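Dear colleague,

Please find the structure below.

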Amino acid sequence: MTAVTTEYPSKAKSSSLWKSLRSILASQEAILAITLLALVVLVGAANPRFLAERNMSDVLQGNAYIAVAAIGMSMVIVSGNIDISIGSAIGVLATMCGLIATETELPVIFSWLLPLLGGALIGAINGFFVAYLRIPSIVVTLGMLSILKGGLIVYRGGETIYNLPPDFGLAQLRPLGIPSPVWFMIVLTVLAALWMRYSATGRSIYAVGGNKEAAMLSGINIRSVIMKVFIINGVFAGISAVLYATQFTSIQAVVPPGLELSIITASVVGGVSILGGTGTVIGSTLAAVLLRAIGSSMVFINVSPYWLRAVQGVLILITVLADILRRRQLRRH
Amino acid sequence: MSVSEKFDHQPAANRLRSAFLSQEVVLLVILIAGVLILSTRTSVFLTVDNILNQGRLMTEVALVALPMTFIIVTGGIDLSVGSIFGLSAIVLGYSWQNLGLPLEIAIIIALVVGAICGLINGLFIVRVGVPPLIMTLATLALYRGLAEGISQARSARGFPEWFYVLGQGNFLGVPTQLWVFVIAAIIFGIVLARTTFGRTLYAMGNNELGARFSGLPVDRVKLIIYTLSGLLSAIAGYIFVSRVSTTRSDMGSGLELEVIAAVVLGGTSIFGGSGSIAGTVIGVVLIQLLKNGLSLAGAKNDATIVVIGVVLIFSILVNNFIQHRRGTAD
């Protein structure tokens, strides 16, 4: 694996203009924020209805559950792994959330908390296979994907859950006038970003993803880090599932198609290097909002939403290319 | 990514041959046991009709599994096969029904599009250095997105009679597409086991840098195998359309899971360097047998993907275990 996280361009011999340009380029978060702003301005100019408060609120809120899941996914990818079972896990956990609320006597808070435990359990199983049995994460989570997805269909037959209790709608609350999914997205992103930047465990995720051997030699317990990352990822999947389940008055007990791809796209486009070792969750959250803004724009400028997935694919490709070219640049200096 | 982790235990190359030979024998025994159990439990199973029909149903996965074996042997992976499958099906229907091209031309265009999709994967992997996992994950989204965008949820149907021969007809009493698969499997098998090209694949899987320094055309070989993967996915897509008489943009989603499960079940190491076409064929047959057995036992179709997931993880565990034992026995 390539390990270039510790290489920095030498300070000498680069003109200040080039240097500042590169430092802007180096910040994926800045690029995303500018792109998002430009998109809003351009589409707003083309069709002012895009800027209506209701639509802007939808842009912010619509992908909040994807942004929350992308936080965990970003940690997994930074550690040099991947989780493609996350979409199925969210489907299963959302169903779990709804079933606890409708078919048990437990207080509604349990329907919000138990899916987090469920997510941790799924994450622990994935993590165990990856960390201790050394099976590549892509294979483990591919297997987990089919087990969860198939299991859900067999168990529920795609049945929709109705008759949710009145106080169930966590995602419909609006503390201080702001939709609760937006609160979750912002608070969790900030907390996770701080944790990844300043805590020892957070730093060790970067170390494991950047250079496994070096991480091991510096005394990091790689297995335990990978295990933790997958468990945390599961918990975020649980939160995401609760936000997803509580947004409407019914829950469709199916795995949202292509959800894992949307989450991975948010992480990758957010600047989490798929080569491991770099990236932040602020980027992935910005990317999740950007993806929603793009999807929404397509409607307002009369492009068929059927092209959305293709746009996602192109965005991933561009980001990965930029990442690789940037690494080459860095290595050359 | 962890797929290319090379500092895990790697058994000696010369031991591998016997290793996967024995894996094939084990699989064959399991296969025969499965057939025996199923035939005693239902009278439907061991009929010529059922077996030929199962052969018809498994051809699409089986065809894609052949180049996937090549790719996994080199230590790579191709997650975009299901999307290429769907895209070429849509391109076929679109160029015939919406562009008004002759159906023969539409088929050729669909196959060419599939090959180009694979070539694009290969080019980015070789020239830019994008890891195969990431590249094909991106194109998994991109190609499926193109299929959705082009089709706009419309489907093509009402093909002329001759079009269905490949997917629904028989040749010498055997489903037509099964002939295609048998011929393809023999060619792929010989290429992998008996040619320089095949040996190059193993060399790349065991030590890519070493293969490169030995003067093997590593880059060209990669381009060829990813293009082949695209082409065979497109052929499988064409056969599928011919079998089910219509096109839909979500065709082949999840195909990659079944294909990879079959290849790995067949004893090809996910870390690269070992594997065989015979093993893959047995893997494909085993999975089809499992599906057939489950459906005869009254399980819903969706239950089978649970079982495939379990089989995938379990077979890798067993594989790892065998390789570890061999690694420590030396």
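Two residues are in contact if their C-beta atoms, placed from the backbone, lie within 7 Å. By that rule, and leaving aside residues up to four places away in sequence, Ala69(A) touches Ile86(A), Ile90(A), Phe236(A), Ala237(A), Ser240(A) and Ile263(A).

This is a predicted model, in which local features need pLDDT of at least 70 and side-chain atom pairs count only at pLDDT 80 or more, while totals for chains, interfaces and linings use all residues. Residues are numbered from 1 along each chain as its sequence is written, and chains are lettered from A, and ligands numbered from 1, in the order in which they are written.

Val68(A) and Ala69(A) touch the most other members of the largest nonpolar core, which has 197 residues. Such a core is a set of buried Ala, Val, Leu, Ile, Met, Phe, Trp, Tyr and Cys residues joined through C-beta atoms within 7 Å; buried means that 20 or more other C-beta atoms lie within 10 Å of a residue's own.

In chain B, helix H10 covers residues 218-244; helices are DSSP runs (H or I, at least four residues) numbered from the N terminus. Of the 27 residues of H10(B), 20 are buried, so this helix is largely enclosed by the rest of the structure. Ser245(B), with a positive phi near 70 degrees, follows H10(B).

The contact between the chains takes 39 residues from chain B and 42 residues from chain A. On the chain B side, H5(B) gives the most, with 12 residues.

With kind regards

Key
Helix = DSSP H or I, 4+ residues; strand = E, 2+ residues; numbered from the N terminus. Expected span 1.5 Å × (residues − 1). Buried ≥ 20, exposed ≤ 12 C-beta atoms within 10 Å, placed from the backbone.
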